Amino acid sequence: MKQRDYRKKISLSETGPGDAGKTGSWRILRPVIDPQVCIPGRRNAPACYICWLYCPDGVISRTVPPGIDYQYCKGCGICAEECPTKAITMVEESSLLKE
Amino acid sequence: MQIIETGNVAAALGVKLARAQVIAAYPITPQTPLTEKLSEFIESGEMQAEYVPVESEHSALAVCIAASSAGARSFTATSANGLLYMHEQIHWAAGARLPLVMCVVNRGVGAPWTIWNDHQDSISQRDTGWIQIYANDHQQIIDSVIKAFALAEEVMIPVMVCYDGYILSHTHMPFDVPEERLVDEFLPPYLPPYSLDPADPANLNTVTMPDVRPDVRGDTAPGYMEIRYLLHKDMLEAIPAFERVEERFRSVFGRGSNPYIEPYRCEDADYIAVALGSLSYHLRDVVDTLRNEGVRAGVMSVHLYRPFPDELIARALSGCSGVVVFEKALSYGYQGALCSDIKSALYRHTGEPGGRPFVVNYILGLGGREITTPDLLDAMRSSCSPDGGSGDETRWIGLRFS
């Protein structure tokens with residue numbers, strides 16, 4: 001059996017963004033970062049990055065301030081839980097839709 | 001080379017000749033001597049393979065799944081509750097499309113605890129997506145193990161080779177051990193179409209969406225349902241593939257026959273008994289006696305049970321007046337699974353209801369209850385008449401209530 005044919009018969013994920021599709025559509029709570037409270041945001045310098053470290057999906061960037069890729073963020077809330085300054089708030093997606 | 005050995009040794013020799021590279025198994029009666037023999041072969045250096053001792057059957061099959069995913073030819077064996085303990089991984093191996101081979105040395109299932117032979121263990125794994133082959137004697141065990149690797153690797157579906165505990169596993173019989181050189185010709189080293197590669201990592205069989213999805217390259221990757229549909233489709237394609245394997249086997253080793261069924265005195269038979277495994281050979285004695293009494297009886301064993309060669313089986317049975325299915329297992333609350341499958345095949349492939357043979361179902365030998373020739377003869381005598389098929393309830397042989 002050729003590898004090309006075989007790969008159509010099994011579930012095989014390679015490393016890379018979004019092999020499970022645009023998983024951001026799973027999200028019901030959106031993490032929103034307040035740059036006034038966030039340590040790198042407040043200092044305007046690379047620091048902390050606890051959210052980047054803990055994010056299980058690798059969708060938070062090590063930038064000033066950190067950015068979140070909402071195409072793939074599933075809204076698990078680990079970043080908000082771990083943020084030492086409580087700079088991340090989980091906001092209902094439905095409330096954002098109404099805006 | 002002709003030798004006289006047990007069925008378990010026949011299976012172990014088949015695995016050795018097939019040059020399996022990884023073996024993981026947990027001992028359970030009556031499979032134990034098979035895996036002990038394999039570990040002896042490896043320990044003595046006669047066989048180049050990794051033997052992975054494990055703490056359970058679930059782990060045994062998990063090891064084989066991992067080894068096969070890494071591209072190794074892998075084998076395990078078990079019986080009864082050990083097989084049931086693997087159940088989750090049995091489905092997994094089929095969905096992952098890994099060409100494993102497993103011997104199931106058939107034994108009854110607890111409760112109540114039993115160590116004796118029936119077919120409930122492998123029959124209850126019928127719907128897992130594994131190919132199931134039933135062997136009738138020692139020659140068929142060793143040959144089936146070798147053919148099973150060839151078939152599994154052609155269609156990328158795992159195969160169970162099932163044979164009767166004790167009746168075959170622990171009895172000595174003469175059989176031919178194929179020459180190593182010829183087995184190498186028939187079964188070249190396994191070249192996996194895909195295997196795990198640390199330089200190009202991948203995640204296999206993780207959560208798969210209900211719908212199809214674009215993969216990292218932007219190609220459409222199959223969803224769960226596509227993967228399962230292809231397993232079914234390829235199972236059906238394994239029917240002609242088995243014939244091709246059998247033909248190749250015949251051309252290399254000079255022996256072989258119908259890979260699906262084994263009919264005996266069925267050509268002109270009015271009544272045909274059907275069974276899986278060694279029971280079909282026991283029934284040959286009964287058929288001979290009935291023939292001497294002027295009853296045109298025959299017996300047919302089913303070698304390939306999944307995928308079910310329904311059209312061929314219906315054709316083999318359509319000319320007779322009655323089919324008598326003897327089973328050492330059943331689907332509780334209905335009837336024997338083989339009986340249901342045969343009825344379904346006849347319904348699909350024969351004409352008007354009046355033109356179909358009747359089908360009766362006998363349940364016998366559960367948990368090793370002795371199956372005697374006079375009992376089989378009585379059952380056949382009462383079924384082999386124009387009204388022998390009246391009543392649709394399963395008939396039980398050998399029950400003793402005081």
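This is a predicted model: local features need pLDDT of at least 70, side-chain atom pairs count only at pLDDT 80 or more; totals for chains, interfaces and linings use all residues.
Student: What's the handedness of the crossing?

Tutor: H1(B) passes H2(B) in a right-handed crossing. On the H1(B) side the contact involves B:Asn8, B:Val9, B:Ala11, B:Ala12, B:Val15 and B:Lys16, while H2(B) brings B:Pro33, B:Leu34, B:Lys37, B:Leu38 and B:Phe41. Sorted by class, that contact has eight nonpolar, one polar and two charged residues.

Student: Which strands does H2 of chain B lie across?

Tutor: H2(B), residues 32-43, lies across E2, E3, E4 and E5 of chain B, running at about 130° to E3(B). H2(B) is also part of a right-handed β-α-β unit, together with E2(B) and E3(B).

Student: How do E2 and E3 of chain B pair, parallel or antiparallel?

Tutor: In the parallel sense, over four bridges. One place to look is B:Val22, which stands opposite B:Glu50 in E3(B).

Student: OK, zooming out: what's the strand order in the open sheet of chain B?

Tutor: The order is E3-E2-E4-E5-E7-E6-E15, seven strands with mixed pairing. E3(B), residues 50-53, and E15(B), residues 304-306, stand at the edges; each has a single partner strand, so one side of each lacks a neighbour in the sheet. On average, neighbouring strands are turned by 20° against each other, direction ignored.

Student: How many bridges join E5 and E7 of chain B?

Tutor: Six bridges, with E5(B), residues 101-106, and E7(B), residues 159-164, running parallel. B:Asn106 stands opposite B:Asp164 in E7(B). H7(B), residues 138-155, packs on this sheet too, touching E5, E6 and E7 of chain B, and its direction makes about 165° with that of E7(B).

Student: Different helices now. What's the angle between H10 and H13 of chain B?

Tutor: About 55°, with axes 9 Å apart; H10(B) covers residues 279-292 and H13(B) covers 373-383. That angle makes H10(B) oblique to H13(B). The crossing of H10(B) past H13(B) is right-handed.

Student: Which residues meet there?

Tutor: From H10(B) you have B:His282, B:Leu283, B:Asp285, B:Val286, B:Thr289 and B:Leu290, meeting B:Thr373, B:Leu376, B:Leu377 and B:Met380 of H13(B). By class, that contact comes to six nonpolar, three polar and one charged residues.

Student: Now chain A. How many residues of chain B are in contact with chain A?

Tutor: 20 residues of chain B, in contact with 17 residues of chain A. On the chain B side, strand E9 (202-204), strand E10 (213-214) and helix H9 (224-253) each supply at least two residues. E9(B) gives the most, with three residues.

Note on methods: Residues are numbered from 1 along each chain as its sequence is written. Chains are lettered from A and ligands numbered from 1 in the order in which they are written. Two residues are in contact if their C-beta atoms, placed from the backbone, lie within 7 Å. Two strands pair if DSSP finds at least two bridges between them. Axes are lines fitted to C-alpha atoms, for helices over the stretch in contact, and angles run from 0 to 180 degrees between N-to-C directions. Angles under 35 degrees count as roughly parallel, over 145 as roughly antiparallel, 65 to 115 as roughly perpendicular and the rest as oblique. A crossing is left-handed if the near helix is turned anticlockwise from the far one by less than a right angle, and right-handed if clockwise. Ala, Val, Leu, Ile, Met, Phe, Trp, Tyr, Cys and Pro count as nonpolar, Asp, Glu, Lys and Arg as charged, and the others, Gly among them, as polar. A crossover is right-handed if, with the strands pointing away from the viewer, the path from the first strand over the helix to the second runs clockwise.
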